[in-house]
Amino acid sequence: MTHDAHTDPGHGGGHATSYRQYIMTWCWLLVMTLLALGIGYAPVPEGIKGMLLVAVTLAKIFLIASIFMHLKFEKMNLVMLTFSPLVLSVILFFMTFGDAAGSATHIIETHPSYDERSVPAHEGGAAGAEHKK
Amino acid sequence: MDATLAEQQRILASDWGGGKSPFGTSWSKFMMWIFIISDALTFAGFLIAYGFMRMTSPSWPKQTEVFNMTLITFMTFALISSSAVMAMAVGEARAGNPKKAVKFLTMTIIGGTIFLGCQVYEWSHFIGEGATLTHNPWGVPQFAAGFFVITGFHGFHVLTGVTILAIVALRAAFGKYSADGVENAGLYWHFVDVVWVFVFAFFYLL
(Lines give C-alpha, C1' and ligand atoms only; values in the text may rest on other atoms or scores of the structure.)
Protein backbone atom coordinates (compact mmCIF):
# COMPACT_ATOMS: atom_id res chain seq x y z
CA MET A 1 0.00 0.00 0.00
CA THR A 2 2.89 2.38 0.58
CA HIS A 3 4.01 4.44 -2.35
CA ASP A 4 7.56 3.11 -2.01
CA ALA A 5 6.39 -0.33 -2.92
CA HIS A 6 5.12 0.41 -6.39
CA THR A 7 7.13 1.09 -9.47
CA ASP A 8 6.91 4.68 -10.56
CA PRO A 9 7.57 5.12 -14.26
CA GLY A 10 8.63 8.67 -13.58
CA HIS A 11 11.63 7.60 -11.57
CA GLY A 12 12.59 4.16 -12.69
CA GLY A 13 14.40 3.00 -15.79
CA GLY A 14 17.63 4.99 -15.59
CA HIS A 15 18.24 8.48 -14.30
CA ALA A 16 19.68 9.76 -17.56
CA THR A 17 16.22 9.58 -19.16
CA SER A 18 14.54 11.33 -16.21
CA TYR A 19 17.21 14.03 -16.07
CA ARG A 20 16.84 14.65 -19.79
CA GLN A 21 13.09 14.97 -19.39
CA TYR A 22 13.45 17.37 -16.46
CA ILE A 23 16.05 19.47 -18.29
CA MET A 24 13.87 19.61 -21.41
CA THR A 25 10.91 20.69 -19.27
CA TRP A 26 13.08 23.34 -17.61
CA CYS A 27 14.15 24.65 -21.05
CA TRP A 28 10.53 24.83 -22.25
CA LEU A 29 9.51 26.65 -19.08
CA LEU A 30 12.26 29.23 -19.62
CA VAL A 31 11.25 29.69 -23.26
CA MET A 32 7.62 30.21 -22.22
CA THR A 33 8.68 32.65 -19.50
CA LEU A 34 10.46 34.75 -22.12
CA LEU A 35 7.41 34.43 -24.37
CA ALA A 36 5.16 35.68 -21.54
CA LEU A 37 7.57 38.57 -20.99
CA GLY A 38 7.37 39.44 -24.69
CA ILE A 39 3.56 39.38 -24.53
CA GLY A 40 3.70 41.67 -21.49
CA TYR A 41 5.60 44.29 -23.47
CA ALA A 42 3.72 43.80 -26.76
CA PRO A 43 1.57 46.78 -27.84
CA VAL A 44 -1.67 44.79 -28.09
CA PRO A 45 -5.11 45.43 -26.51
CA GLU A 46 -5.43 44.31 -22.90
CA GLY A 47 -8.05 41.66 -23.71
CA ILE A 48 -5.84 39.93 -26.28
CA LYS A 49 -2.82 40.24 -24.00
CA GLY A 50 -4.86 38.63 -21.21
CA MET A 51 -5.90 35.69 -23.38
CA LEU A 52 -2.34 35.11 -24.63
CA LEU A 53 -0.98 35.23 -21.08
CA VAL A 54 -3.67 32.78 -19.88
CA ALA A 55 -2.67 30.40 -22.70
CA VAL A 56 1.07 30.57 -21.91
CA THR A 57 0.42 30.28 -18.16
CA LEU A 58 -1.80 27.21 -18.59
CA ALA A 59 0.84 25.59 -20.81
CA LYS A 60 3.48 26.20 -18.12
CA ILE A 61 1.21 24.86 -15.37
CA PHE A 62 0.48 21.78 -17.48
CA LEU A 63 4.22 21.07 -17.86
CA ILE A 64 5.03 21.61 -14.17
CA ALA A 65 2.07 19.51 -12.98
CA SER A 66 2.51 16.64 -15.40
CA ILE A 67 6.31 16.30 -15.37
CA PHE A 68 7.63 17.82 -12.13
CA MET A 69 4.61 16.89 -9.97
CA HIS A 70 4.25 13.51 -11.74
CA LEU A 71 0.52 13.89 -12.39
CA LYS A 72 1.25 12.19 -15.71
CA PHE A 73 1.76 8.97 -13.76
CA GLU A 74 -1.08 9.36 -11.26
CA LYS A 75 -4.58 7.89 -11.41
CA MET A 76 -7.16 9.95 -13.28
CA ASN A 77 -9.16 10.38 -10.04
CA LEU A 78 -6.34 12.47 -8.57
CA VAL A 79 -5.71 14.35 -11.82
CA MET A 80 -9.38 15.38 -12.01
CA LEU A 81 -9.29 16.51 -8.39
CA THR A 82 -6.48 18.95 -9.18
CA PHE A 83 -8.66 20.69 -11.78
CA SER A 84 -11.16 21.76 -9.11
CA PRO A 85 -9.36 25.04 -8.15
CA LEU A 86 -9.19 26.05 -11.81
CA VAL A 87 -12.88 25.34 -12.36
CA LEU A 88 -13.88 27.17 -9.15
CA SER A 89 -11.62 30.11 -10.12
CA VAL A 90 -13.34 30.44 -13.48
CA ILE A 91 -16.75 30.43 -11.71
CA LEU A 92 -15.56 33.07 -9.22
CA PHE A 93 -14.11 35.18 -12.04
CA PHE A 94 -17.38 35.25 -13.98
CA MET A 95 -19.35 35.94 -10.78
CA THR A 96 -17.39 39.17 -10.30
CA PHE A 97 -16.65 40.02 -13.93
CA GLY A 98 -20.07 41.57 -14.64
CA ASP A 99 -19.76 44.20 -11.92
CA ALA A 100 -16.08 44.89 -12.64
CA ALA A 101 -16.47 45.22 -16.42
CA GLY A 102 -19.35 47.70 -16.02
CA SER A 103 -17.32 50.21 -14.06
CA ALA A 104 -13.90 49.79 -15.66
CA THR A 105 -12.23 52.75 -17.25
CA HIS A 106 -9.00 50.95 -18.24
CA ILE A 107 -6.77 53.99 -18.06
CA ILE A 108 -3.20 52.75 -17.86
CA GLU A 109 -0.96 55.40 -16.34
CA THR A 110 2.60 55.71 -17.51
CA HIS A 111 5.42 56.58 -15.14
CA PRO A 112 9.20 56.93 -15.24
CA SER A 113 10.65 53.44 -15.64
CA TYR A 114 12.39 51.61 -12.82
CA ASP A 115 15.82 52.33 -14.34
CA GLU A 116 15.06 56.03 -14.73
CA ARG A 117 13.89 56.26 -11.11
CA SER A 118 17.12 54.61 -9.95
CA VAL A 119 19.10 57.66 -11.12
CA PRO A 120 18.87 60.51 -8.56
CA ALA A 121 16.89 63.57 -9.75
CA HIS A 122 19.88 65.93 -9.37
CA GLU A 123 21.76 63.74 -11.87
CA GLY A 124 18.99 64.05 -14.41
CA GLY A 125 16.99 60.97 -13.35
CA ALA A 126 13.39 60.76 -12.26
CA ALA A 127 14.02 59.51 -8.70
CA GLY A 128 11.84 61.39 -6.27
CA ALA A 129 9.73 62.92 -9.03
CA GLU A 130 6.94 60.38 -8.52
CA HIS A 131 6.67 61.39 -4.84
CA LYS A 132 5.30 64.77 -5.85
CA LYS A 133 1.91 63.19 -6.51
CA MET B 1 -30.88 -10.07 4.13
CA ASP B 2 -28.68 -11.94 1.67
CA ALA B 3 -29.28 -9.27 -0.93
CA THR B 4 -28.20 -6.56 1.54
CA LEU B 5 -25.05 -8.50 2.40
CA ALA B 6 -24.23 -9.01 -1.26
CA GLU B 7 -24.75 -5.31 -1.93
CA GLN B 8 -22.50 -4.44 1.01
CA GLN B 9 -19.79 -6.77 -0.27
CA ARG B 10 -20.12 -5.31 -3.76
CA ILE B 11 -19.58 -1.79 -2.41
CA LEU B 12 -16.63 -2.84 -0.26
CA ALA B 13 -15.00 -4.49 -3.26
CA SER B 14 -15.28 -1.31 -5.34
CA ASP B 15 -12.60 1.38 -5.51
CA TRP B 16 -14.67 3.65 -3.27
CA GLY B 17 -15.71 1.00 -0.78
CA GLY B 18 -12.89 1.52 1.71
CA GLY B 19 -9.80 -0.57 2.26
CA LYS B 20 -8.47 0.59 -1.10
CA SER B 21 -6.93 3.79 -2.37
CA PRO B 22 -9.15 5.34 -5.06
CA PHE B 23 -6.47 7.94 -5.73
CA GLY B 24 -3.63 5.40 -5.85
CA THR B 25 -1.36 7.33 -3.49
CA SER B 26 -0.10 7.04 0.06
CA TRP B 27 -2.26 8.93 2.56
CA SER B 28 0.48 11.52 3.21
CA LYS B 29 0.82 12.34 -0.47
CA PHE B 30 -2.94 12.55 -0.84
CA MET B 31 -3.15 14.91 2.14
CA MET B 32 -0.45 17.07 0.54
CA TRP B 33 -2.54 17.24 -2.62
CA ILE B 34 -5.62 18.21 -0.59
CA PHE B 35 -3.58 20.98 1.05
CA ILE B 36 -2.28 22.17 -2.34
CA ILE B 37 -5.81 22.30 -3.76
CA SER B 38 -7.13 24.29 -0.78
CA ASP B 39 -4.12 26.63 -0.88
CA ALA B 40 -4.59 27.09 -4.62
CA LEU B 41 -8.11 28.32 -3.88
CA THR B 42 -6.67 30.90 -1.47
CA PHE B 43 -4.35 32.26 -4.16
CA ALA B 44 -7.15 32.10 -6.73
CA GLY B 45 -9.20 34.28 -4.38
CA PHE B 46 -6.33 36.76 -4.10
CA LEU B 47 -5.76 36.98 -7.84
CA ILE B 48 -9.44 37.33 -8.68
CA ALA B 49 -9.82 40.01 -5.98
CA TYR B 50 -6.80 41.72 -7.57
CA GLY B 51 -8.47 41.56 -11.00
CA PHE B 52 -11.68 43.00 -9.54
CA MET B 53 -9.81 45.85 -7.80
CA ARG B 54 -7.93 46.61 -10.97
CA MET B 55 -10.97 46.66 -13.22
CA THR B 56 -12.98 48.82 -10.84
CA SER B 57 -10.14 51.31 -10.27
CA PRO B 58 -10.25 54.53 -12.29
CA SER B 59 -6.65 53.95 -13.39
CA TRP B 60 -3.81 51.51 -12.96
CA PRO B 61 -0.02 51.99 -13.18
CA LYS B 62 1.84 50.26 -15.98
CA GLN B 63 3.60 47.45 -14.14
CA THR B 64 6.43 46.95 -16.65
CA GLU B 65 7.46 50.56 -15.89
CA VAL B 66 6.97 50.45 -12.13
CA PHE B 67 8.81 47.15 -11.55
CA ASN B 68 12.35 46.13 -12.34
CA MET B 69 11.36 43.42 -14.83
CA THR B 70 14.95 42.16 -15.19
CA LEU B 71 14.91 41.30 -11.49
CA ILE B 72 11.42 39.75 -11.68
CA THR B 73 12.47 37.59 -14.66
CA PHE B 74 15.59 36.50 -12.81
CA MET B 75 13.44 35.57 -9.79
CA THR B 76 11.25 33.48 -12.10
CA PHE B 77 14.37 31.81 -13.52
CA ALA B 78 15.61 30.99 -10.00
CA LEU B 79 12.29 29.44 -8.97
CA ILE B 80 11.82 27.40 -12.17
CA SER B 81 15.41 26.13 -11.92
CA SER B 82 14.91 25.16 -8.28
CA SER B 83 11.75 23.28 -9.27
CA ALA B 84 13.69 21.30 -11.90
CA VAL B 85 16.41 20.24 -9.43
CA MET B 86 13.71 19.43 -6.86
CA ALA B 87 12.23 16.93 -9.34
CA MET B 88 15.71 15.38 -9.62
CA ALA B 89 15.97 15.21 -5.80
CA VAL B 90 12.69 13.28 -5.67
CA GLY B 91 13.97 10.92 -8.38
CA GLU B 92 17.17 10.24 -6.42
CA ALA B 93 15.25 9.75 -3.16
CA ARG B 94 12.99 7.21 -4.87
CA ALA B 95 16.03 5.47 -6.36
CA GLY B 96 17.55 5.15 -2.86
CA ASN B 97 20.44 7.61 -3.33
CA PRO B 98 20.22 9.89 -0.27
CA LYS B 99 23.56 11.61 -0.98
CA LYS B 100 22.49 12.71 -4.44
CA ALA B 101 19.04 13.63 -3.09
CA VAL B 102 20.69 15.88 -0.47
CA LYS B 103 22.83 17.49 -3.20
CA PHE B 104 19.76 18.35 -5.29
CA LEU B 105 17.80 19.42 -2.21
CA THR B 106 20.62 21.82 -1.33
CA MET B 107 20.52 23.27 -4.85
CA THR B 108 16.75 23.73 -4.48
CA ILE B 109 17.24 25.52 -1.15
CA ILE B 110 19.85 27.80 -2.76
CA GLY B 111 17.37 28.65 -5.57
CA GLY B 112 14.65 29.43 -3.03
CA THR B 113 17.02 31.56 -0.95
CA ILE B 114 18.09 33.55 -4.03
CA PHE B 115 14.41 34.15 -4.81
CA LEU B 116 13.75 35.35 -1.26
CA GLY B 117 16.82 37.62 -1.35
CA CYS B 118 15.57 39.23 -4.57
CA GLN B 119 12.13 39.67 -3.03
CA VAL B 120 13.57 41.37 0.04
CA TYR B 121 15.48 43.72 -2.30
CA GLU B 122 12.32 44.43 -4.34
CA TRP B 123 10.22 45.08 -1.23
CA SER B 124 12.80 47.37 0.34
CA HIS B 125 13.10 49.31 -2.93
CA PHE B 126 9.32 49.61 -3.17
CA ILE B 127 8.97 50.72 0.45
CA GLY B 128 11.87 53.15 -0.06
CA GLU B 129 9.92 54.78 -2.89
CA GLY B 130 6.98 55.39 -0.57
CA ALA B 131 4.72 52.39 -1.18
CA THR B 132 2.72 51.03 1.78
CA LEU B 133 -0.41 48.92 2.21
CA THR B 134 -2.51 52.09 2.03
CA HIS B 135 -0.40 54.38 -0.16
CA ASN B 136 0.96 54.03 -3.66
CA PRO B 137 3.22 56.73 -5.17
CA TRP B 138 2.16 55.67 -8.68
CA GLY B 139 -1.59 56.14 -8.28
CA VAL B 140 -4.38 54.08 -6.73
CA PRO B 141 -3.52 52.55 -3.31
CA GLN B 142 -4.97 49.16 -4.33
CA PHE B 143 -1.94 48.63 -6.56
CA ALA B 144 0.53 48.68 -3.67
CA ALA B 145 -1.87 46.76 -1.41
CA GLY B 146 -2.22 44.03 -4.05
CA PHE B 147 1.54 43.90 -4.46
CA PHE B 148 2.30 43.52 -0.75
CA VAL B 149 -0.48 41.03 -0.04
CA ILE B 150 0.01 38.75 -3.06
CA THR B 151 3.82 38.71 -3.24
CA GLY B 152 4.00 38.70 0.58
CA PHE B 153 1.75 35.68 0.88
CA HIS B 154 3.70 33.92 -1.86
CA GLY B 155 7.03 34.88 -0.29
CA PHE B 156 5.84 33.44 3.02
CA HIS B 157 5.15 30.18 1.18
CA VAL B 158 8.66 30.23 -0.30
CA LEU B 159 10.16 30.83 3.16
CA THR B 160 8.10 27.94 4.56
CA GLY B 161 9.20 25.76 1.64
CA VAL B 162 12.89 26.55 2.18
CA THR B 163 12.48 25.67 5.88
CA ILE B 164 10.71 22.38 5.09
CA LEU B 165 13.35 21.49 2.47
CA ALA B 166 16.15 22.27 4.94
CA ILE B 167 14.57 19.91 7.49
CA VAL B 168 14.09 17.18 4.85
CA ALA B 169 17.69 17.63 3.61
CA LEU B 170 19.08 17.47 7.16
CA ARG B 171 17.08 14.33 7.90
CA ALA B 172 18.27 12.78 4.63
CA ALA B 173 21.89 13.68 5.47
CA PHE B 174 21.52 11.79 8.76
CA GLY B 175 19.92 8.81 7.02
CA LYS B 176 16.42 9.51 8.35
CA TYR B 177 14.86 10.29 5.00
CA SER B 178 11.82 8.71 3.43
CA ALA B 179 11.15 8.92 -0.29
CA ASP B 180 7.54 9.88 0.50
CA GLY B 181 8.74 12.75 2.69
CA VAL B 182 10.99 14.09 -0.06
CA GLU B 183 8.24 13.75 -2.65
CA ASN B 184 5.66 15.53 -0.47
CA ALA B 185 8.09 18.40 0.16
CA GLY B 186 8.72 18.44 -3.60
CA LEU B 187 4.99 18.69 -4.37
CA TYR B 188 4.74 21.70 -2.07
CA TRP B 189 7.76 23.32 -3.73
CA HIS B 190 6.38 22.81 -7.24
CA PHE B 191 3.09 24.31 -6.06
CA VAL B 192 4.97 27.44 -4.92
CA ASP B 193 6.43 27.57 -8.44
CA VAL B 194 2.97 27.16 -10.00
CA VAL B 195 1.62 30.08 -7.94
CA TRP B 196 4.52 32.26 -9.05
CA VAL B 197 3.78 31.46 -12.70
CA PHE B 198 0.29 32.91 -12.17
CA VAL B 199 1.59 35.92 -10.20
CA PHE B 200 4.26 36.63 -12.84
CA ALA B 201 1.71 36.60 -15.66
CA PHE B 202 -1.28 38.32 -14.06
CA PHE B 203 0.31 40.70 -11.58
CA TYR B 204 3.53 41.75 -13.31
CA LEU B 205 2.74 41.42 -17.02
CA LEU B 206 -1.00 41.81 -17.68
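Which residue takes a positive phi just after α6(B), and what is the angle?

Modeller: The residue is Gly175(B), and its phi is about 75°. A word on the basis comes next. This is a predicted model, where local features need pLDDT of at least 70 and side-chain atom pairs count only at pLDDT 80 or more, while totals for chains, interfaces and linings use all residues. Residues are numbered from 1 along each chain as its sequence is written, chains are lettered from A and ligands numbered from 1 in the order written, and side-chain values use heavy atoms, without hydrogens or water.

Helices are DSSP runs of H or I with at least four residues, strands are runs of E with at least two, and both are numbered from the N terminus. Helix α6 of chain B covers residues 141-173, which is 33 residues. From first C-alpha to last it reaches 47 Å, close to the 48 Å expected at 1.5 Å a residue. The expected span is 1.5 Å times one less than the number of residues. Helix α5 of chain B, residues 98-128, can be read in this way too. It has 31 residues and reaches 44 Å, close to the expected 45 Å. Gly130(B) follows α5(B), and its phi is positive, near 105°.

Now the charged contacts. A salt bridge is a side-chain nitrogen of Lys or Arg within 4 Å of a carboxyl oxygen of Asp or Glu. By this rule there are five salt bridges over all chains. One of them joins Lys29(B) and Glu74(A) at 2.6 Å, N to O. This pair crosses between chains: Lys29(B) sits in helix α2 (27-56) of chain B, and Glu74(A) in the loop between α2 (46-68) and α3 (76-82) of chain A. Both Lys29(B) and Glu74(A) are buried. Buried means under 20% relative accessible area, exposed over 50%, and partly exposed in between, with a 1.4 Å probe and protein chains only.

Asp180(B) and Arg94(B) form another salt bridge, at 2.8 Å, N to O. Asp180(B) lies in helix α7 (179-205) of chain B and Arg94(B) in helix α4 (69-94) of chain B, so the pair ties together parts 86 residues apart in sequence. Asp180(B) counts as buried because its relative accessibility is 12%. Arg94(B) has 19%, so it counts as buried. Arg94(B) also meets Glu183(B) in a salt bridge of 2.4 Å, N to O. Shared partners join Glu74(A), Lys29(B), Arg94(B), Asp180(B) and Glu183(B) into one network.

Phe30(B) is in helix α2 of chain B. It is buried because its relative accessible area is 17%. Phe30(B) and Asn184(B) are 154 residues apart in sequence, yet 9.1 Å apart in space, C-alpha to C-alpha.

On a 1 Å grid over the protein atoms alone, a cavity is a set of points where a 1.4 Å probe fits but cannot get out. A pocket is an open set with protein on both sides within 12 Å along at least five of seven lines, and lining residues have an atom within 4 Å of a point. Points are joined across faces, edges and corners, and a volume is the space filled by probe spheres set on them. The largest pocket holds about 1500 Å³. It has 49 lining residues, and Val54(A), Leu58(A), Leu86(A), Phe198(B) and Phe202(B) lie nearest its centre. α2(B) gives the largest share of that lining, 13 residues.

The count of cavities of 30 Å³ or more is two. The second largest cavity has about 30 Å³ of space. Its lining includes Phe68(A), His70(A), Val90(B) and Glu183(B). α7(B) supplies the largest share, four residues.

Last, the surface. Leu58(A) is found in helix α2 of chain A. At 39% relative accessible area, Leu58(A) is partly exposed. It belongs to a nonpolar patch of about 840 Å² accessible area, whose members include Val54(A), Phe83(A) and Leu41(B). Patch residues have over 30% relative accessible area and no salt bridge; like charges are joined within 9 Å, and nonpolar side chains (Val, Leu, Ile, Met, Phe, Trp, Tyr) within 5 Å. Areas come from the Shrake-Rupley method with a 1.4 Å probe, and for residues only the protein chains shown count as cover. α4(A) gives the most to the patch, six residues.
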